[in-house]
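Okay, thanks everyone, let me get the next model up on the screen. Have a look at it while I talk.

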Amino acid sequence: MPGTTLTNQSTGAIVYTPPQGATLLRDLLANWERYLHDANMIDPLIRMAVCHYQFEAIHPFTDGNGRTGRILNLLYLVEQDLLDLPILYLSRAIIRNKTEYYALLNQVTSNDAWEPWLLYMLAAVAETALWTTEKIHAIRELLRETTAYVQRKAASLYSRELVELIFVQPCSRISNVVEAGIAKRQTASEYLKELVDIGVLKEMKAGREKLFIHPNLMTVLKSEDHVVPNYRA
Ligand SMILES: Nc1ncnc2c1ncn2[C@@H]1O[C@H](COP(=O)(O)OP(=O)(O)OP(=O)(O)O)[C@@H](O)[C@H]1O
Ligand SMILES: [Mg+2]
């Protein structure tokens, strides 16, 4: 589709016009893909940064190029065995420094200024890795606190498996407890209800199904500085 341009939000001036034409786009994407997988002598983090610029410059879609490019970063790190799961939330660093991010992309286009761009992306990886490690520590801290709290307030239903289960996802179903082999349906439902009674979970209806939200885990996941909520009483 011709006519895609990137404009400056405040002035409306055209900042960048992506390449046009199906054949050209396919050639550029093939070249991008070859570099991604064949340039083995270059560190994968550098390749990720180069390819993120290049993907955004090719800009193959009319919309969604930013989001797609940011997801590709993580999938690439998983593919390259640098991550087991796509949990490095690189978008956080990019979105927080959007002005700088846009300016650096522009600088590559207009001045071949690769070095500041690569350093920016490497710094984003480092910063996000440290931030995510702190997040994981906070989740483990909450796990310890929740364990102690359930042991104290509902000793009869406590098991390590049950408490760990409500940390697998921020929201559990009765079927999750059953499938984990912790209890049959009736008992599983009673366990979750009791966790609601002591204030660890919150029950919500989703259609006919009951969902059990873990609000303290949600708080830690959403917290910018990984605040671990306390259990009172
Ligand atoms: N000067 C530039 N050169 C190349 N790419 C750019 C430039 N400025 C911005 N971009 C990229 O274009 C993306 C926006 O394009 P598009 O609107 O298609 O994606 P999006 O996913 O809707 O956006 P968003 O990043 O806001 O979620 C930006 O996120 C950035 O990655
Ligand atoms: Mg958009």
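So, what do the buried residues of α9 pack against? They pack against α7 (160-165), β3 (171-172), α8 (174-179) and β5 (209-213). Contact here is two C-beta atoms, placed from the backbone, within 7 Å; helices (H or I, at least four residues) and strands (E, at least two) are DSSP runs, numbered from the N terminus.

Before I go on, the bookkeeping. This is a predicted model, where local features need pLDDT of at least 70 and side-chain atom pairs count only at pLDDT 80 or more, while totals for chains, interfaces and linings use all residues. Residues are numbered from 1 along each chain as its sequence is written, with chains lettered from A and ligands numbered from 1 in the order in which they are written.

Back to α9. The buried ones are A188, Y191, L192 and L195. They sit on the same side of α9, because they cover an arc of only 90 degrees around the axis, taking directions from the helix axis to the C-beta atoms. Over on the other side, Q186 and D197 are exposed. Buried means 20 or more other C-beta atoms within 10 Å of the residue's own, exposed means 12 or fewer, and partly exposed is in between, with C-beta atoms placed from the backbone. Just past the end of α9, G199 has a positive phi of about 90 degrees.
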